[in-house]
Amino acid sequence: MAELKYSRQRAALLAELRARRDHPTADMLYQAVRIKYPKISLGTVYRNLALLCEIGEIKKIPCVDGSERYDGFIEPHDHFVCSKCGRVFDLETDRKDIDKKVKNKDIGCVEDYSLIYYGLCKECYKNNK
């Protein structure tokens with residue numbers, strides 16, 4: 001891939017995402033970055049998020065309602081998505097067993113993977129009883 005041209009808007013978007021742990025939507029990021037760059041368009045945000053995902057700078061998390069959330073923390077970790085309120089949480093899980101199982105398969109070279117757990121968060125589960 002050719003060297004990526006610097007963009008202040010892209011850099012602001014990445015900085016905003018890396019400063020958050022709430023796994024925002026593109027619209028949430030758009031609203032936050034608009035404060036510093038009022039002329040930024042939602043299309044620019046979507047294009048830059050797609051590019052940042054493609055080059056491995058961020059991760060996209062698909063949700064059950066069809067929306068997508070973004071994560072600037074790209075160290076290996078898993079996610080829990082609440083199917084009622086839509087909140088996304090980081091999960092620290094033991095990946096050793098999965099790593100062993102994948103390495104024992106003759107499938108090629110696994111470079112990355114992501115586990116997403118779907119269900120009801122503690123608050124939604126408590127209120128659902």
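**Close-up views of a predicted model**

**View 1. F80 and its bridge partner in β5.** F80 has Y117 of β5 as its bridge partner. The model is predicted, with local features requiring pLDDT of at least 70 and side-chain atom pairs pLDDT 80 or more, while totals for chains, interfaces and linings use all residues. Residues are numbered from 1 along each chain as its sequence is written, and side-chain values use heavy atoms, without hydrogens and water. Strand β3 (residues 78–82) pairs with β5 in the parallel sense through four bridges. Strands are DSSP runs (E, at least two residues) and helices likewise (H or I, at least four), numbered from the N terminus; two strands pair if DSSP finds at least two bridges between them.

**View 2. The open sheet, ordered β4-β3-β5.** Its three strands show mixed pairing. β4 (88–91) and β5 (116–119) are the edge strands, each pairing on one side only. From one strand to the next, the twist averages 25°.

**View 3. The hairpin of β3 and β4.** These strands run antiparallel and are joined by four bridges. D78 has L91 in β4 as its bridge partner. Five residues lie between the strands, and G86 takes a positive phi near 85°.

**View 4. Packing of helix α1 (residues 8–18) on helix α3 (residues 42–54).** The helices pack at an angle of about 70°, with axes 10 Å apart. Therefore α1 is roughly perpendicular to α3 (65 to 115 degrees). Axes are lines fitted to C-alpha atoms, for helices over the stretch in contact, and angles run from 0 to 180 degrees between N-to-C directions. Q9, R10, L13 and L14 of α1 meet T44, V45, N48, L49, L51 and L52 of α3 (contact: heavy atoms within 4.5 Å).

How values were computed: Parallel < 35°, antiparallel > 145°, perpendicular 65-115°, else oblique.
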